Amino acid sequence: MITDLHRIGIKFLTARGDDIPLTDFIPIFHAWIQEGKLEDVMIDVAEYSHVPAGPGTMLIAHEGNYAIDETGNRRGFVYYSKQEVSGDNLADRLAVVCRKNLAACKLLEAEDTFKDRLAFDFGRIEIFFNDRLNGPNSDETWQAFEPVLKSFMARLYPNTDFEARYETGDPRERFSVSVSLQDDAASAEDLLARL
Amino acid sequence: MTTWKETLKDEMPAELAQEIDTFETQIGLKKQGKIDDKLFAETRLRRGAYGQRYDNGQRHDGVETRELHYPTAATKGPDTLWDAPGMMRIKIPFGGMNAEQMDVMADLAEEYSDAICHVTTRQDIQLHYIHIDDTPDLQRRLAAVGITTREACGNGVRNVTACPISGVCNDESFDVTPYSKAMAFFLLGHPDTQDFGRKFKVAFSGCKGKACGLTNIHDLGFIARKKMVDGEEKRGFEMYVGGGLGAVPYEAKPFDEFVPETEILPLAQAISRVFARLGEKRNRGRARIKFLIDKIGIDEFRRLVLAEREILPHDERWTGYLDDVRAWEETPVKEPAELTTGVSDAQFETWRATNIYRQKQKGYTTVTVALPLGDLTSWQMRQLADIARKYCGDNVRLTVEQNIVLRWVAEADLPAVYRELEHVGLAQPGAGTIFDVVSCPGTDTCKLGISSSRGLAGELHERLATRYQQFDSAIQGLRIKISGCFNSCGQHHLADLGFYGVSRKVGGRTVPHFRVVLGGQWENNGGSYGLTVGAVPSKRVPDFVDRITEKYLAEREGEQESFQAFIQRFGKRELKKVLDEFSAVPPYEMDPSYYSDWRDPREYSITDIGVGECAGEVVSRIDFDLQNAERLYFEAQLQHEEGNYQKADETAFQAMVVAAGGLVRLENQDVPDEADKVVPEFRKRFYDTGLFHDKYAGGKFAEYLFNRYEDTNREYTADKVRLLLEETQLFIEAAHACNTRLIEQASAERKAKLDKD
Ligand code: SF4
């Protein structure tokens with residue numbers, strides 16, 4: 001049942017910055033831990049630059065994992081929850097996960113090290129479920145999720161058309177939906193204000 | 001709400017499902033504060049749930065040690081916070097996996113960990129950053145594909161390893177795979193392996209000369225041999241005991257040059273009994289069997305083992321497994337076919353030169369999938385499972401060099417396999433060469449790590465891979481292995497170039513270093529250990545590697561001189577001179593980069609080193625039995641609450657039997673948890689002798705057990721069963737008290753003896 005889902009992930013693809021070495025993110029994430037920049041209990045940095053199309057450089061937190069991620073050979077910033085997420089329904093929980101991700105993206109874009117070199121396209125979003133029990137990769141899950149997605153997107157981008165694409169593909173892969181906007185994307189800051 | 005327990009109930013073997021339910025109950029009891037930390041720590045370790053760095057809630061962030069503010073202060077072991085993520089070690093006997101298991105592993109890594117499957121130097125898979133509450137479901141999903149995590153950590157028999165090319169190897173006496181499998185499952189959960197003071201590692205090798213099984217570094221090692229007995233060829237094993245790496249490496253000692261296949265299981269059992277009885281329990285630094293053998297000598301050890309073997313109660317499984325051995329076979333998915341046409345692809349040829357091994361079965365090869373630092377992503381794991389399905393079936397093995405071997409690949413398919421591996425980023429050449437660097441987790445996740453072995457390994461891997469083609473073949477074939485500390489999980493003693501993490505104080509600051517161990521022997525089952533020379537700052541290790549390899553190339557005595565021979569001839573004094581070129585550390589103000597580790601920019605500190613769980617907690621079998629009794633009692637209470645009175649009555653009685661059985665086994669370890677066996681033994685040894693008697697209540701609590709045992713006409717009413725539950729609780733308490741008295745008595749006797757001496 002997708003209503004029981006808590007292991008939810010959101011990825012915002014990069015607009016630029018795909019050439020920045022993954023190892024350059026290591027000191028940034030360590031500094032975030034030192035300075036307590038994120039609301040989660042941040043634990044450590046894990047680095048997987050040696051595996052292609054992998055989880056990249058990660059900031060491991062108690063509540064979930066943050067990462068500059070290259071899964072699917074698409075670089076982006078990802079956050080996925082590993083614990084229960086607050087919120088009465090899935091759309092609310094999605095909003096919580098999204099807010100945490102946006103907060104990290106905003107910080108990252110503001111880092112001096114990446115000035116003018118890194119930007120995210122907040123109009124290209126991937127939403128996935130890390131839970132094959134409650135959200136298997138199937139048409140049924142998509143049918144159940146579509147209205148939730150609409151209500152979430154109405155909050156994130158009110159009155160904006162978007163295209164959501166779901167393809168089962170390999171049914172063993174986790175359930176994942178790509179969302180893209182028809183119009184220009186908003187900034188992390190604006191989106192955060194809507195959540 | 002749907003659960004994995006419900007979803008998989010028909011797919012899990014009943015015994016595994018029951019064990020996991022038990023573990024889940026133990027988690028519940030721990031949360032209620034009904035199990036003490038030490039006992040729960042060993043319990044979870046024996047289920048493969050290991051601690052991870054910073055799980056005491058403290059972390060040095062480069063400036064100072066700060067507290068990690070987890071939601072609760074609950075603990076899952078001494079100084080180990082409940083909410084702190086941990087590592088799950090998944091035992092894969094002889095490293096053998098099938099495609100379905102690979103798929104599940106990929107899912108688990110993605111859902112509970114960080115989407116990375118890590119292959120270890122013991123043919124295990126480790127998943128990191130796992131929450132303890134997720135472990136029962138994780139274990140259920142493994143159980144549904146025939147994998148148990150039982151006894152993956154803690155003071156028990158660890159994963160039984162074997163040559164990854166056993167069965168297809170050109171040099172082997174015979175395929176050791178089915179033997180290693182039989183040994184793994186015979187010792188798993190065996191009552192005689194539950195009371196060790198430390199871990200116990202077993203390995204099988206198909207031959208003596210090559211490296212694969214590394215029997216020399218194992219507590220118990222078997223090398224396949226054939227022997228003519230009365231004109232008939234018999235299978236058996238050359239058996240070794242007491243090897244081990246760690247801070248003080250020991251080479252294994254020969255126990256018997258030919259143990260018939262019918263005797264390997266009972267001898268392993270006898271060794272387990274001797275180790276459990278005489279091995280050190282208090283000082284964990286000297287608790288491995290190698291220290292016991294060293295202390296009493298191999299001859300006395302052998303005598304004790306053989307005497308124990310004589311009195312072992314017969315077990316059908318000792319020889320029953322041989323039917324499986326004879327029936328053992330692997331099924332390729334393709335017909336054999338040789339590669340007869342040339343392939344004009346230089347990259348393919350580079351890969352083929354290092355990652356392919358021609359099997360003894362004509363037309364087939366093995367393909368080694370070289371994994372950088374032993375890692376692959378969930379997606380890669382799934383794709384690899386598909387490649388296996390298509391080209392080699394379920395014939396996949398993990399290796400102790402942290403790679404994956406596909407067996408039974410038709411040689412003619414190699415170009416296609418290469419292309420498919422390349423497509424998923426798994427066609428890295430150089431398996432078993434200088435840039436296929438092996439590393440333990442080190443400071444990334446291990447509580448004992450001193451220096452960043454993975455950071456250094458990643459750095460060396462990257463640098464050496466780009467220059468690999470320019471190296472002389474003598475350099476290409478060298479092996480590098482790195483451990484984050486002296487415990488040697490990276491097996492650095494066996495490498496041409498081995499390193500282990502240490503630290504040095506320079507100008508009041510701590511600087512990460514690696515101690516250099518040169519000229520170890522990988523061949524001959526890890527035949528000899530390297531020469532330990534001095535330490536180099538972490539950041540100078542790559543330069544040192546360049547220098548020593550150049551020196552070898554320039555100064556070796558002819559092309560025949562191996563690196564190992566060169567190191568021996570070159571000697572410590574000369575090596576020291578080379579080392580000294582790299583040992584200086586500039587002041588912090590001049591170059592602060594020395595004061596942080598590879599791929600970790602925090603200013604280096606060793607304050608994060610915690611108490612390792614490799615050693616587990618020394619908890620005796622009676623503690624587990626009493627815990628088990630408590631759990632059964634708890635379940636009986638739930639059954640009573642649910643109105644299932646008969647079941648509650650039976651479970652409560654079983655709880656008493658288990659508690660009594662634990663005490664009985666202090667004197668006679670062969671008594672199983674069956675009422676008809678336990679109750680008479682308990683009466684004879686604990687009731688009639690007064691040992692169980694309470695100071696005030698006398699033998700009353702024991703009578704609860706006897707009354708229930710003798711009552712053949714039970715009525716299962718709510719009240720009657722409630723009464724039995726209360727009696728059960730009192731009985732278990734009395735068993736605890738009796739155990740405590742016995743421990744105090746033994747300790748008083750020891751003290752008196754010492755005083756007298
Ligand atoms: S060698 Fe040391 S650092 Fe590495 S895994 Fe073993 S105990 Fe941990």
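The following legends describe close-up views of a predicted model.

**View 1. The five-stranded open sheet of chain B.**
In this predicted model, strands of chain B form an open sheet in the order E10-E11-E12-E13-E14, and the pairing is mixed. Strand E10 (161-162) and strand E14 (253-260) of chain B each have a single partner strand and stand at the edges, so one side of each is left without a neighbour in the sheet. Strands of a sheet pair through backbone hydrogen bonds, in either the parallel or the antiparallel sense. Strand E11 (residues 202-205) of chain B runs parallel to strand E12 (residues 220-229) of chain B, and four bridges join the two. Within this pairing, B:Ala203 has B:Gly221 in E12(B) as its bridge partner.

**View 2**
E12(B) pairs with strand E13 (residues 232-241) of chain B in the antiparallel sense, over ten bridges. B:Val229 is placed opposite B:Glu232 in E13(B). Two residues lie between the strands of this hairpin, and B:Asp230 takes a positive phi near 50° there. Most residues other than glycine have a negative phi. On to the next strand, E13(B) and E14(B) are joined in the antiparallel sense by five bridges. One of the paired positions is B:Val241, whose bridge partner in E14(B) is B:Lys253.

**View 2. Helix H6 of chain B and the residue that follows.**
H6(B) is mostly covered, with nine of its eleven residues buried. Among the buried residues are B:Pro178, B:Tyr179, B:Met183, B:Phe186 and B:Leu187. The buried set also includes B:Thr177, B:Ser180, B:Ala182 and B:Ala184. In an α-helix there are 3.6 residues a turn, so residues three or four places apart point the same way. After H6(B) comes B:Gly189, which has a positive phi near 70°.

**View 3. A buried salt bridge between distant parts of chain B.**
B:Arg273 and B:Asp192 meet through their side chains in a salt bridge with an N to O distance of 2.8 Å. The pair links distant parts of the chain, 81 residues apart: B:Arg273 belongs to helix H7 (residues 264-278) of chain B, whereas B:Asp192 lies in the loop between helix H6 (177-187) and E11 of chain B. Both B:Arg273 and B:Asp192 are buried.

Over all chains, the whole structure contains 94 salt bridges. In chain A, the closest N and O atoms of the salt bridge between A:Glu70 and A:Arg75 are 2.9 Å apart. A:Arg75 has a relative accessible area of 7% and is therefore buried, the limit being under 20%. In chain B, a salt bridge of 3.1 Å (N to O) joins the side chains of B:Asp673 and B:Arg665. B:Asp673 counts as partly exposed at 27% relative accessibility, whereas B:Arg665 counts as buried at 9%. A network of salt bridges links A:Arg132 and A:Glu173 with B:Asp107, B:Glu110, B:Glu111, B:Arg141 and B:Arg382.

**View 4. Two loop residues of chain B with positive phi.**
B:Ala115 is not a glycine, yet its phi is positive, at about 70°. B:Ala115 occupies the loop between helix H4 (99-112) and strand E8 (116-119) of chain B. Its relative accessible area is 14%, so B:Ala115 is buried. B:Gln402, likewise a residue other than glycine, has a positive phi near 65°. B:Gln402 is placed in the loop between E18 and strand E19 (404-410) of chain B. With a relative accessible area of 2%, B:Gln402 is buried.

**View 5. A negative surface patch on chain B.**
B:Asp10, B:Glu11, B:Glu100 and B:Asp394 form a negative surface patch. Of these residues, B:Asp394 lies in the loop between helix H12 (378-391) and strand E18 (396-398) of chain B. B:Asp394 counts as partly exposed because its relative accessibility is 48%.

**View 6. A loop aspartate of chain A.**
A:Asp183 is located in the loop between strand E8 (175-181) and helix H4 (188-194) of chain A. At 48% relative accessibility, A:Asp183 counts as partly exposed. A:Asp183 and A:Asp161 are separated by 22 residues in sequence and by 7.4 Å in space, C-alpha to C-alpha.

Note on methods:
Residues numbered from 1 in each chain as written. Chains lettered and ligands numbered in written order. Predicted model: local features only at pLDDT ≥ 70, side-chain atom pairs only at ≥ 80, totals over all residues. Heavy atoms only, no water. Patch = residues over 30% accessible without salt bridge, like charges linked within 9 Å, V, L, I, M, F, W, Y side chains within 5 Å. Areas by Shrake-Rupley, 256 points an atom, 1.4 Å probe, with all protein chains shown as cover. Salt bridge = Lys/Arg side-chain N within 4 Å of Asp/Glu carboxyl O. Lys, Arg positive; Asp, Glu negative; His and termini not counted. Charge placed at Lys NZ, Arg CZ, Asp CG, Glu CD. Buried < 20%, exposed > 50% of the residue type's maximum accessible area, 1.4 Å probe, protein only. Pairing = 2+ DSSP bridges.
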